[in-house]
Amino acid sequence: MMDYDGDWICYSTTEVPIEDVAVVHRSHLYRIDETLRSAPKIPLGHFAKRDHRGAAWGIFPPEMTREEWEESE
């Protein structure tokens with residue numbers, strides 16, 4: 001996901017305890033999954049999703065408006 005500040009938020013369908021969540025540079029993600037380099041340009045607030053590593057990416061509209069996002073922070 002590309003939030004309205006331009007930050008990437010990456011996650012999988014595997015649930016992770018909040019204490020294990022970390023902020024990392026995208027170069028670390030590329031080391032884990034080189035195919036992330038081919039991710040399409042994601043407009044602010046939108047998200048990209050694929051079914052599995054190597055699958056085609058889909059771009060989807062924001063789930064909330066910028067105003068809703070700012071209020072949620």
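I9 sits in the segment before α1 (26–32), where helices (H or I, at least four residues) and strands (E, at least two) are DSSP runs numbered from the N terminus. This is a predicted model, in which local features need pLDDT of at least 70 and side-chain atom pairs count only at pLDDT 80 or more, while totals for chains, interfaces and linings use all residues. Residues are numbered from 1 along each chain as its sequence is written, and side-chain values use heavy atoms, with hydrogens and water left out.

**Surface around I9**
- I9 counts as partly exposed because its relative accessibility is 36%, the class between buried (under 20% relative accessible area) and exposed (over 50%), with a 1.4 Å probe and protein chains only.
- Together, M1, I9 and Y11 make a nonpolar surface patch of about 310 Å²; patch residues have over 30% relative accessible area and no salt bridge, and nonpolar side chains (Val, Leu, Ile, Met, Phe, Trp, Tyr) are joined within 5 Å.
- A salt bridge here is a side-chain nitrogen of Lys or Arg within 4 Å of a carboxyl oxygen of Asp or Glu.

**Largest pocket**
- The largest pocket holds about 1,500 Å³ of space, a pocket being an open set of points on a 1 Å grid with protein on both sides within 12 Å along at least five of seven lines.
- Its lining has 34 residues, with I9, C10, Y11, S12 and L29 nearest the centre; lining residues have an atom within 4 Å of a point.
- The elements giving two or more residues to this lining are α1 and β1 (47–49).

**Loop residue P43**
- P43, in the loop between α1 and β1, counts as partly exposed because its relative accessibility is 38%.
- The C-alpha atoms of P43 and I59 are separated by 8.7 Å, and the two residues are 16 residues apart along the chain.

Notes: Patches are made of residues with over 30% relative accessible area and no salt bridge: like charges are joined within 9 Å, nonpolar side chains (Val, Leu, Ile, Met, Phe, Trp, Tyr) within 5 Å. Accessible areas come from the Shrake-Rupley method with a 1.4 Å probe; for residues, only the protein chains shown count as cover. On a 1 Å grid over the protein atoms alone, a cavity is a set of points where a 1.4 Å probe fits but cannot get out, and a pocket is an open set with protein on both sides within 12 Å along at least five of seven lines; lining residues have an atom within 4 Å of a point. Grid points are joined across faces, edges and corners, and a volume is the space filled by probe spheres set on the points.
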